[in-house]
Amino acid sequence: MTLVLKVDPQHPQPEIIARAAAVIRAGRLVAFPTETVYGLGANALDADAVAGIFRAKERPAYDPLIVHLANADQLSLVAVHVPALARRLAAVFWPGPLTLVLARADHVPLAVTAGGETVAVRVPSHPVARSLIAAAGVPIAAPSANRFGRVSPTRAEHVLADLEGRVDIILDGGTTMIGVESTVLSLVTPVPTILRPGGVSREALSQVLGTVEVAEQTVIEGETVVSPGTTEKHYAPRAQVILYRGERTPVLQAMHEATLRYLEAGETVGLLLAEEDLTAFSDLPVALRGLGSAKSMSQIARQLFAALRSLDEAGVSLILARDFGSAGLGLAIRDRLTRAAAGRVVTVAKDVGTDCA
Ligand code: TXA
Ligand code: MG
């Protein structure tokens, strides 16, 4: 049985938090909002509890979990050595959407780290997450609270849709603010390396770090596009996603033409666009989703996952999505859409559209 408890996102009620914290201490599972997405939490120091997360999500054991701490002082609980750089980043970005990969302390169960000698940690800023970790009195391991391979949840209803009957309590604190997951930054590589772009931008990290690398599988402006079929399907709705990259005008034109072709072929089509793009498609019998203004990557990020889910609910067979560049949160948005598309990316040249599909 899954119990959904409404909680005030800014001032979480202590009695509700205490109830959820007791469930964590008992080795069971609680889904809770963070500033990025909802997490599926268990006591990070209890290997059996952590195994419960993998079962509930149907997540393969090779994919390690992020450990959530109440504050940076708890770093030494989970990391064997805390480099000065980690302290500096923590001072700037915590609490917030930055995950640091460090060397694991011995008592962190190998279930958390997928057998590896590193551990990923972050201090979330969401008041519900913070008070839950503090009340539980233990670090909380939490992946995104979706079934493995599916779109991360930004609302309690999304968690319920994926995990009903598999989680003891869902704390419903409304819609999450950032909407894409934390940036995962490795500090065990020779140069700090972004393993997953997310809520803290590459630019913001560069200001503190000077140089920061971005791991290869991430797609950056002008560089290799992940080839079709080679990407693990991830962040994926049921519908096939195709991502269109390039300048706005030719991209919208290529998307319009492609939509007509797909409709003719009998597909039902959903379009993921900026608000200001919608009018260009109002003549078509499609499901339109405007994510917010392309001038605000934070608006787009906040609505991205809910829009993917809602297009699935609308029953479309195909989702054509527009790329939003790589500046700021744009990089994380591109990463998630590229993975959702499983590498099906169309790069549109200035005057001619080329379709790899
Ligand atoms: O915003 C977030 O990070 C959310 C909220 C709930 O905190 N959590 C989240 O967890 O997105 P999850 O499990 O869905 O994604 C964690 C990512 C995965 O890509 C995983 O491979 C990577 O972090 N990761 C975890 N531990 C790692 C480690 N020791 N080394 C390298 N990557 C690691
Ligand atoms: Mg996830």
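Predicted model: local features only at pLDDT ≥ 70, side-chain atom pairs only at ≥ 80, totals over all residues.

Reader: Fine. Which residues are closest to ligand 1?

Author: With a ligand, start by listing its neighbours. Here 23 residues surround ligand 1, and the closest are T36, D63, H68, S182 and R196.

Reader: What do the side chains of T36, H68 and S182 do there?

Author: Look for polar atoms that pair up. The T36 side chain has an N or O atom 2.6 Å from an oxygen atom of ligand 1. For H68, a polar side-chain atom also sits 2.6 Å from a ligand 1 oxygen. With S182, the distance from a side-chain N or O atom to an oxygen of ligand 1 is 2.5 Å. As for cover, ligand 1 on its own has 680 Å² of accessible area, and the protein covers 87% of that.

Reader: Which strand gives the most to the shell around ligand 1?

Author: Strand 6 does, with 4 residues. Strand 4 (66-68) and strand 10 (193-196) each supply at least two, as does strand 6. Sorted by class, the shell holds 11 nonpolar, 7 polar and 5 charged residues.

Reader: On to the cores, then. Why look for them at all?

Author: Because nonpolar side chains in soluble globular proteins tend to be buried together. In this model, the largest nonpolar core has 47 residues, and those touching the most other members are L40, L89, L98, L100, V121, L185 and L205. Several elements supply at least two residues each, among them strand 3 (38-43), helix 4 (84-93), strand 5 (98-103) and strand 6 (118-122). Helix 2 gives the most, with 5 residues. There's also a second, separate core of 30 residues, including V180, A239, L337 and A340.

Reader: Where is S317 along the chain, and what does S317 touch?

Author: S317 is in the loop between helix 10 (297-313) and strand 15 (318-322). Setting aside residues up to four places away in sequence, S317 touches A239, Q240, E267 and T268. A239 is also a member of that second core. Compare sequence and space too: S317 and R238 are 79 residues apart in sequence, with their C-alpha atoms 7.9 Å apart.

Notes
Residues numbered from 1 in each chain as written. Chains lettered and ligands numbered in written order. Heavy atoms only, no water. Contact = heavy atoms within 4.5 Å. Core = buried A, V, L, I, M, F, W, Y, C linked by side-chain atoms within 4.5 Å. Buried < 20%, exposed > 50% of the residue type's maximum accessible area, 1.4 Å probe, protein only. Near = heavy atom within 4 Å. Polar contact = N/O pair within 3.5 Å; in protein donor to acceptor, adjacent residues only side chain to side chain. Areas by Shrake-Rupley, 256 points an atom, 1.4 Å probe, with all protein chains shown as cover. Nonpolar A, V, L, I, M, F, W, Y, C, P; charged D, E, K, R; others polar.
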